[in-house]
Structures are given as C-alpha cells and as structure tokens.
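Here are my notes on the model, as numbered points. Have the structure open while you read.

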Amino acid sequence: ASAPSSSTVENGEPSSPVEPSDGASVVDVNPPRGTRDFPPEDMRLRTWLFDQFREVSRVMAFEEVDFPVLESEALFIRKAGEEITQQLYNFEDKGGRRVVLRPEITPSLARLVIKQGKSVSLPLKWFTIGQCWRYERMTRGRRREHYQWNMDIFGMPKVRAESELLQAIILLFERLGITSSDVGIRVSSRKVLQAVLNMYSIPEHLFTEVCVIVDKLGKLTREEIEKKLVTIGLSSEAVLGIIEVLSLKSLPKLEEVLGSDVEAVADLKKLFSFAEQYGYADWICFDASVVRGLAYYTGIVFEAFDRDGKLRAICGGGRYDRLLSTFGSEDIPACGFGFGDAVIVELLKEKGLLPDLSRQIDDIVFPLDEELEGPACSVASSLRRQGRSVDLVEDKRLKWVFKHAERINAGRLILVGKSEWERGMVRVKILSTREEFEVKAGELQ
Ligand SMILES: OCc1cccc(Br)n1
C-alpha cells in the first residue's frame, strides 16, 4: 500500500494492516504516531531549512556539536512541573538504565561543557540541529518529535550573549525573506518576576514554579493562573501584583514600577541599546509577560512570534546561569535558544515564502540499445568523476526518457548510439534549447 506523504498527514490514523490473499499481514506503512517521514520533496525543504540554520551559525562563528538523541533520564528530572518534563519519552533499557529520547538539547550541551571541563576556553559558541521528542497523549493530536536548531553561548556575560543570539535569529529570518513586519521578538527578563516576588516577600524557592505557571498566560485563563499561584501559597495581593507587572509592555513604565536600580531594568535597557547598534531594534519589543516555560532560565528571555498571531512561538530562549550547578558542577553563565522546524515552515507557507526546490540533475545518460549499456556506464562514470550529477537510464523507451528528463529537470540528455560510438562520439541534447550536437566521448564535460 503506498502511504500518503506522512509529513503532510502528520498524525494520520495508522492504517490497519492489509490482509493480502496469502494470509500474511502487511505492516502498517505509516510511521509511529506523532512522527513524520521525509520523502524526497519534504526532505529537500528540510535540508534547505537546515542549510539556512548552518549558514547563520557559520557567520556567527559558532562551532557545530552533536549528541545522542538517547540521554540519561536524570538529565531531565526537574520538579518545577514543566510540560517538557511531564511528557518525557522515557523508558528502561535492557541494562535496567532509565533513559529518555531527549525533549530538548540544552541539558546535553551543559553535560558536554562539564565533561570537557578545563579543556575548553570560554566563551564557547556551539550550535546543533537535532531531533527532540515528547510523549504527548495523542488526544491533542500533536507531534511527538521535531527538529530543533540550538545556538548556545557559555561564558559570555549578560546581555552580550543575548544580543548575539538575537542577531542570529534575525539573520535567519532575513535569509528566509521574513521581515520585522511579519515577525517580532518579545523580550523580557525573569529578573522582572524576581523583583516582584521580592516586593511581596515571596520565598525564593517558589520562583521557578511561579515562572512555569505564569508562562501558561495565554494558554490558561487568567483565573486558572491566579488559582495555581494561590495554590502554591501566594497571597491574592501578590498574585494581582504579578499579573499587573507582567502586563507591562513599556520599559519606562517598568522602570517606574520597579525603580531604576533593579537589575532587570538595567539589563533590558542595555540590551535595547545594543539592539540599536546591531541594527535590529525594530525586530524586538519589551513584553513583561514573556517568561518562557523552562525552569532553568535566570535572566533575559525572548521568543519570536508572528505578528498576525496565527501561530505558536517560532523560537525562544534565554539566559540560564545556574544550570550546571544542578548537575553538580561549577556554574558557567550561559544563554541559548531553540528554533523548531515546524512553526517556521507554517509561517513560510502563510507568507508564500516556500522556496522552489524541485529536483535538479545535470545529465541523463541513455544507451540507445542494450549492447551499448557498457559504454553508457563509462560515459556516466567519467561525468560523475567530474562532479556532475548523472542519472544513468536503461531499458526504457526514448519517449519515457524525454518525459523523465523533464520530470527531474535534467540539463542535458547524452545519447549513446551504435554508429556514433563506433566513431568515438556521443550525441548531446541541451534540453532547455533543444540544441543537439555530437561530442567526442573522451572530451565530454
Ligand atoms: O518544544 C516542545 C517539544 C519538545 C519535543 C518535541 C516536540 Br514535537 N515539541
């Protein structure tokens, strides 16, 4: 049975196995629920997108790193009630080890930085593109895997790393033809929330939980958020104070409420002044409601959004200065973002910015009859060794070959015929101009 391209049928109901006449059963041809195949056309788009990620990483002078998709579960056990840790794709392997398909990449980056120890010189600028997993109850019919481009900087003080990472995100959008009229980046700092909690003398140990709850603003109703905050012990006065400050979208207003000597205000003012120098100020805006949902962020946080408000966050990240000590190591200040492969493609479709990525082949080599298959192989081999992409076609009618050439956008058709070959020649047809001529087989380029 030929399955539809499952990357478009994202969560198709797995078809029941077909029962052929001889009684053997055919496997379900769909990939596991919540996962995607990448047939050639989808793979060309993914490769193109990842090439843009890599090109931005190159101009930002980042080094590529990679990790196993399989990680120890211990790396992701956090008590803050984050969605990402409640949906771990976790299991016990045959050695009785508790492992996961990683839900994010930052903890692996931190693990490698710790493992490399003193052998790495700071600052470190690392990037990777990797698949991440979550075990989502399929009731919501969402994907269980996606690919994420991660850019992280270790050992660079605030807000320099943040402003570098924002430039990377904006360079990526510009490469894709997306403008600051299409997309904005909301920027805030968790230190805003910390200052508010201090104003209400809320104990430090509640900070992370409050962040995870408040990150659900927009997904849960205001009442649900307030109820959750009261449940963990905040007074209704504190809850109102938090909601009020988090609705601020003006830095001067924030300064009025928190005062100028608060670290959050100083950090944000510095970041916005750097943004002017980088030339991307029109892309970013202060929005105190941005807290992001990961427990380990400690400072500036940011997320890119489509200004039409139709899509989920395109990417997001922030500063995490105390992640390494949660793994028992000395802390190194760090900052990073994750950029998924799904929402950005939805945005490109919305904006009519999907590139034309049809297949491109340089040459088709075709023997005009069976006894010339050998010479056709040598012609194809010589062209391939010169770096040309060659589709060696045999056992087809010429009419099919011309149709095939059109389908794969071949540049030339090289016909190996008996009479020409006896004179050491082959016939070349330029498919765009229909021009046709003979060339010495040994001089074909
Ligand atoms: O960003 C949340 C997330 C993590 C793993 C897999 C998928 Br799909 N989504």
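Which residue in β15 stands opposite Leu413? That is Lys429. Keep in mind throughout that this is a predicted model.

1. Strand β14 covers residues 410-416 and runs antiparallel to β15, with four bridges joining the two. β15 itself spans residues 425-430, and five of its six residues are buried, so call the strand mostly covered, taking buried as under 20% relative accessible area.

2. β15 has a partner in β16 as well (residues 436-440): the pairing is antiparallel and runs over five bridges. β15 and β16 make a hairpin, with five residues between them.

3. Look at the turn of that hairpin. Arg434 sits in the loop between β15 and β16, and its phi is near 70°, a positive value in a residue other than glycine. Most residues other than glycine have a negative phi. With a relative accessible area of 53%, Arg434 is exposed.

4. You'll find Asp395 in the loop between β13 and α14 (398-407). Is Asp395 buried or exposed? At 75% relative accessibility, Asp395 counts as exposed.

5. Now helix α13, residues 373-385. Its 13 residues reach 18 Å from first C-alpha to last, close to the 18 Å expected at 1.5 Å a residue. Pro375, Ala376, Val379, Ala380 and Leu383 are its buried residues. Down the axis of α13 these fall within an arc of 140°, so they line one face of the helix. The cover over them includes β12 (361-367), β13 (390-392), β14, α15 (418-422) and β15. Just after α13, Gly387 has a positive phi of about 90°.

6. Two peptide bonds deserve a look, since most peptide bonds are trans. The one from Leu122 to Pro123 is cis, with omega near 0°; Pro123 lies in the loop between α3 (106-116) and β5 (124-133). The other cis bond joins Lys158 and Val159, where omega is about -20°. Val159 is in the loop between β6 (145-154) and α4 (160-175).

7. On to the rings: how many aromatic pairs does the structure hold? There are 16 aromatic pairs. One of them is Tyr89 with Tyr135, edge-to-face at 5.3 Å centre to centre and 85° between the planes. Tyr89 lies in strand β3 (residues 89-92) and Tyr135 in the loop between β5 and β6, so the pair ties together parts that are 46 residues apart in sequence. Tyr89 is partly exposed at 24% relative accessible area, and Tyr135 is partly exposed at 32%.

8. Trp149 and Phe337 are another edge-to-face pair, 5.1 Å centre to centre with 80° between the planes. They link distant parts of the chain, 188 residues apart: Trp149 is in strand β6 and Phe337 in strand β11 (residues 334-340). Both are buried. Trp149 and Phe337 also belong to one aromatic cluster, whose other members include Phe38, Tyr147 and Trp283.

9. Finally, check two arginines over rings. The charged end of Arg46 sits over the ring of Phe38, 4.5 Å from its centre. Arg144 lies over the face of Tyr135, at 4.1 Å from the ring centre.

Methods. Residues numbered from 1 in each chain as written. Predicted model: local features only at pLDDT ≥ 70, side-chain atom pairs only at ≥ 80, totals over all residues. Heavy atoms only, no water. Buried < 20%, exposed > 50% of the residue type's maximum accessible area, 1.4 Å probe, protein only. Pairing = 2+ DSSP bridges. Expected span 1.5 Å × (residues − 1). Arc of directions from axis to C-beta. Contact = heavy atoms within 4.5 Å. Phe/Tyr/Trp six-rings, centres within 6.5 Å; stacked < 30°, edge-to-face > 60°. Lys NZ or Arg CZ within 6 Å of the ring centre and 35° of its normal.
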